[in-house]
Structures are given as C-alpha cells and as structure tokens.
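Subject: A structure for you to explore

Hi there,

Here is the structure I promised to pass on. Have a look at it first, and then read my notes below.

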Amino acid sequence: MVIDVKKEQPRLDQAIQPMSRLNNKIMLPLNKIPKQWMNIAPFLPEKPYPCLLPNGMPATPDIMNQIFPTECVKQAMSAEEFIDIPREVREAFALCNRPTPLVRAFRLEKALGLDSDRIKIFYKGEYVSPTGSHKGNTAIAQAFYAKKDKIKGLTTETGAGQWGSALSMAGTMMDLEVKIFQVRASYYDKPGRRVLMNNFGADLVPSPSDQTEVGKAFYNKNPNHPGSLGIAISEALELAMKTPEYKYSLGSVLDFVCLHQTVIGLEAKEQMSIAGEYPDVVIGCVGGGSNFSGLAFPFLKDKLQGIKTETKFIGAEPTACPSITKGKYAWDFGDSAKIAPIAKMFTLGHTFIPPAVHAGGLRYHGAAPLLSMLANHDLVSSEMFHQTKAIKTGMLFSRTEGILPAVETCHAIASAIDKALEAKDEGKKCTILFNFSGHGHFDTHAYKALQDKKLIDFEYPNEAIEAALKNLPAVDESKFM
Ligand SMILES: *Cc1c(COP(=O)(O)O)cnc(C)c1O
C-alpha cells in the first residue's frame with residue numbers, strides 16, 4: 001500500500017486552540033525538523049569580529065581548519081541567512097526526538113497564582129534528547145562534518161559531563177572516535193555521566209592528565225589536581241593540534257555552535273505561531289551562551305528588522321559566574337593556558353577561577369561573541385541568580401510540571417517566574433518563553449543539598465573580577481578592523 005504522506009500529515013494551520021491542560025503541548029511532525037539553520041550574522045548591528053591568534057592578528061581559515069571541522073569554519077564566516085542542514089544530520093535529529101515539544105506550563109502558572117488568560121509561560125523541551133540536553137544539536141553536526149574531513153576522531157573537554165555525553169553519542173552515530181578530558185573533580189564526583197560516556201565508547205581521562213604538556217605541568221606537581229574547564233580545554237586543543245588525524249570540538253561559545261542551536265528557536269517560532277502567540281519575553285540560561293542564542297536568534301531577527309521591537313531577551317546567569325552581568329566586553333582568551341583563539345566577548349577574565357557551584361555547565365568565564373555583541377548593544381539583557389533560589393524553583397517546577405530540571409535550566413526558570421510575577425503585580429499581559437535546556441537526572445546531588453539545607457550561595461567578588469580583568473591580552477583593533 002502506498003501511503004500519501006501529504007494526506008497523512010496533520011495540517012499545521014489546524015491549530016489546537018485554545019490550549020488547555022489536555023492540549024498543553026504543540027508537537028511538530030517529523031517532516032518539520034528544520035532543513036536549514038538560521039544565521040544571525042546578516043542582521044547584526046555590526047559585522048562579527050574575527051577570532052585572533054595570540055599575536056593579536058586574525059586567525060586565517062587555514063589555521064582554523066587545522067583545529068575545527070572545515071565546514072564549521074566556513075559556516076562561522078558565512079553571511080548567508082540560511083545554511084542547509086545535511087540529510088544525515090536531520091536523520092540523527094529524528095533519532096534524538098526532534099522536533100522537541102513546546103509546552104504551556106499550566107500547572108506552574110496556577111501554582112504562581114497567575115491569570116492564565118493574561119500571563120502565559122511556555123517552555124521549549126530540549127530535555128527529550130537521549131543525553132538530556134540541547135548539546136546534541138551541535139554535537140551531531142560537528143561529528144558529521146569531522147567525518148566528512150576524513151579524520152579519525154575529535155578531542156574535547158567536559159566538566160559535569162553533559163557536553164561529553166552529547167559528543168560521545170554523536171561520535172557513535174557518525175563512526176568517529178571521541179577523546180575527552182574531564183575535569184578531575186567531576187570525573188570522580190559524577191560517575192553517572194562517566195558511565196554514559198564510556199557506554200558510548202568514548203576514551204575518557206581525568207584532567208589535568210599526563211598526556212599533554214599543559215596537563216603535565218599541573219599533574220606532575222599534584223596527580224590529584226581537581227582541574228578546571230580552562231585547563232581541560234587547553235589539553236584537548238593541544239592534543240588535537242599535535243595529532244593530524246584529530247580535530248577539536250567545542251560545545252558552546254563559538255558562532256557555528258550558536259548557529260547549530262537555532263533549530264531550537266526555528267521550531268519554537270513555528271510552534272508559538274500554531275498556538276497563536278508571540279513571546280513578549282524570551283529567556284535562556286547562559287553558560288557559554290549557546291542554548292539561549294539558539295532559542296533567541298530566530299525571534300531576535302524580528303527585533304533587528306524592526307518587526308517586533310518590544311520583545312525582551314534575557315540571559316539568566318549564576319551570581320557565582322556572571323559573565324555578561326558583571327564582566328567586561330573585551331578581547332580575551334578562550335582558555336587558561338592561552339592556546340585557544342582570542343575572541344571579543346563579555347568575560348570575567350581567562351584567569352577566572354570558577355567557584356564550585358552546582359550549575360557546572362554555567363561556569364565558563366566568557367559568553368558567546370555573537371550574544372556578547374547583542375548584549376553590548378542592549379538588544380539582549382542579563383540577570384543573575386543565586387543557586388539556592390534557582391534550585392528551589394527547579395523543585396517547584398518538578399512538583400508542578402513533573403520534570404526535574406538541570407541546575408543550569410533552573411536559572412532560566414527562576415528568571416521566567418520573576419517576569420511572570422512582575423507582570424502580575426503590574427496587572428499586565430505577558431507571554432513568556434524560556435528554553436528548557438536539559439533535565440536534571442544526573443543533578444540529584446544538587447537537589448539533595450537543597451533538601452539537606454546544605455546549599456551555600458556565593459557571589460563572585462568584584463575585586464576578584466577586577467584583578468582577573470587586568471590580565472586581558474592587549475589587542476590593537478586598528479591593525480585589522
Ligand atoms: C551546557 C548546558 C548549559 C549551558 O551552556 P550554553 O552554551 O550556555 O547553553 C545549559 N543547560 C544545560 C542543560 C547544559 O547542559
């Protein structure tokens with residue numbers, strides 16, 4: 001029997017309105033997995049800045065191609081609005097439960113005492129990915145393009161393990177080796193993610209290790225060195241640069257990572273329109289800035305084109321690592337050993353020492369250059385939250401909506417709730433959309449700390465930020481701009 005696909009697909013204009021507790025989600029059919037990514041570059045108020053080498057001059061594509069998959073380097077320099085998503089990548093997206101649901105948080109709205117006709121909270125459910133977060137969206141694309149470069153494998157770093165598990169999964173899908181340097185403290189504290197990565201066949205070492213020059217400098221002094229993301233990035237980069245059949249993969253920050261994440265916003269825009277809505281506020285938590293960029297950029301395009309000028313965009317950061325809220329817009333290194341390229345971004349300084357808070361995925365010293373430029377033009381704003389407040393809202397969310405959020409995601413939820421309550425106090429209408437970047441099934445220690453009343457809040461001291469900002473590299477923009 002031949003099935004007429006066109007006839008079988010639900011018609012998208014048959015909106016399931018009004019939404020109700022029985023109609024609380026907008027699901028898209030599989031043929032609505034985006035066919036193209038959306039590039040924000042042509043709409044920006046300034047041309048994107050290049051990445052620089054330690055000598056202060058722009059990195060050429062030749063040099064970038066030695067580090068990253070060739071196609072990714074090309075994408076990062078593209079001025080085209082739309083960039084095709086290869087069929088193989090879309091197939092892997094289908095396996096990873098794209099399109100992800102858009103959910104109306106009716107029970108959370110009720111718990112907050114909101115009038116559901118006036119204040120509406122929507123979230124985009126990236127938690128349905130097999131490894132639990134949005135990170136698979138770029139991991140799959142990077143692994144596909146690395147395979148196209150005919151190399152053997154990718155090196156990378158991971159902290160808590162969300163990025164490492166996404167890239168390990170993508171590696172098995174694309175038949176590519178994955179070598180991961182995991183921050184030693186997390187390697188031993190969070191065995192769950194480690195098992196997941198090993199299960200996907202990844203080669204995992206605690207960092208600092210004795211396998212790289214950067215690692216040895218720390219390891220030989222102290223084999224139990226707890227490590228940091230900055231050191232692990234340096235190790236992964238060093239290995240990729242000295243091994244020709246390997247390239248390096250990064251899970252956030254870079255322009256092409258933000259591009260890959262736009263599938264989130266493209267789907268969400270279509271889903272919001274089926275719901276008959278357009279958000280007044282778009283929110284995401286910010287570590288390196290990729291999940292927030294991915295949700296926000298397709299909506300931001302409307303603002304940049306003067307179509308929807310009133311929409312607000314808010315990045316939610318931890319008070320312990322407030323890169324945009326308290327950092328400086330400046331040129332800085334992407335890693336501690338100063339091997340990674342220099343980028344213009346909001347930064348707390350590459351010597352920033354991340355305090356041990358639970359939101360492991362938000363503890364990066366910088367924020368994506370594209371997002372940083374938009375924040376510098378006040379087109380995007382940021383807020384910061386203490387972890388106790390964030391994790392408490394995560395608990396409220398799990399008790400109302402039934403899903404335990406990743407601690408990173410809790411920051412976005414805290415911001416969404418604040419905006420909803422503000423609108424309620426002011427008697428205004430408000431439609432809020434936030435990105436549910438990932439579930440917290442490996443974060444139970446954070447919720448346990450809350451239950452045991454052992455959570456300690458930490459505000460990164462201004463003096464420490466001032467001190468770290470003294471070590472920024474000197475860059476003379478007039479030499480290349
Ligand atoms: C890694 C991670 C983040 C932070 O990274 P971004 O690049 O800022 O998106 C947020 N949420 C989850 C669940 C993560 O795994």
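Which residues are closest to the ligand, and how many surround it? There are 18 residues around the ligand, and the closest are Lys 135, Ser 252, Gly 287, Ser 290 and Asn 291. A residue counts as near if one of its heavy atoms lies within 4 Å of the molecule.

Before going on, please keep in mind that this is a predicted model, in which local features need pLDDT of at least 70 and side-chain atom pairs count only at pLDDT 80 or more, while totals for chains, interfaces and linings use all residues. Residues are numbered from 1 along each chain as its sequence is written, and side-chain values use heavy atoms, with hydrogens and water left out.

Now for the ligand's surroundings. The shell of residues around the ligand is made up of 12 polar, 4 nonpolar and 2 charged ones. Here Ala, Val, Leu, Ile, Met, Phe, Trp, Tyr, Cys and Pro count as nonpolar, Asp, Glu, Lys and Arg as charged, and the others, Gly among them, as polar.

Lys 135 has a polar side-chain atom 2.6 Å from an oxygen atom of the ligand. A polar backbone atom of Gly 288 is 3.1 Å from a ligand oxygen atom. On the nitrogen side, an N or O atom in the side chain of Ser 437 lies 2.7 Å from a nitrogen atom of the ligand. On its own the ligand has 380 Å² of accessible area, and the protein covers 98% of that (Shrake-Rupley method with a 1.4 Å probe).

A UniProt record (unreviewed entry) places the feature "domain: Tryptophan synthase beta chain-like PALP" at residues 97-438; such annotations may be inferred rather than shown by experiment. Over residues 97-438 the chain is 43% helix and 20% strand, where helices (H or I, at least four residues) and strands (E, at least two) are DSSP runs numbered from the N terminus.

Finally, some backbone details. Most peptide bonds are trans, and most residues other than glycine have a negative phi. The bond from Arg 98 to Pro 99 is cis, with omega near -10°, and Pro 99 lies in the loop between helix 4 (87-95) and strand 4 (102-104). Ser 207 and Pro 208 are also joined by a cis peptide bond, with omega about 5°. Lys 150 is not a glycine, yet has a positive phi of about 60°.

Happy exploring!

Technical notes:
Polar contact = N/O pair within 3.5 Å; in protein donor to acceptor, adjacent residues only side chain to side chain.
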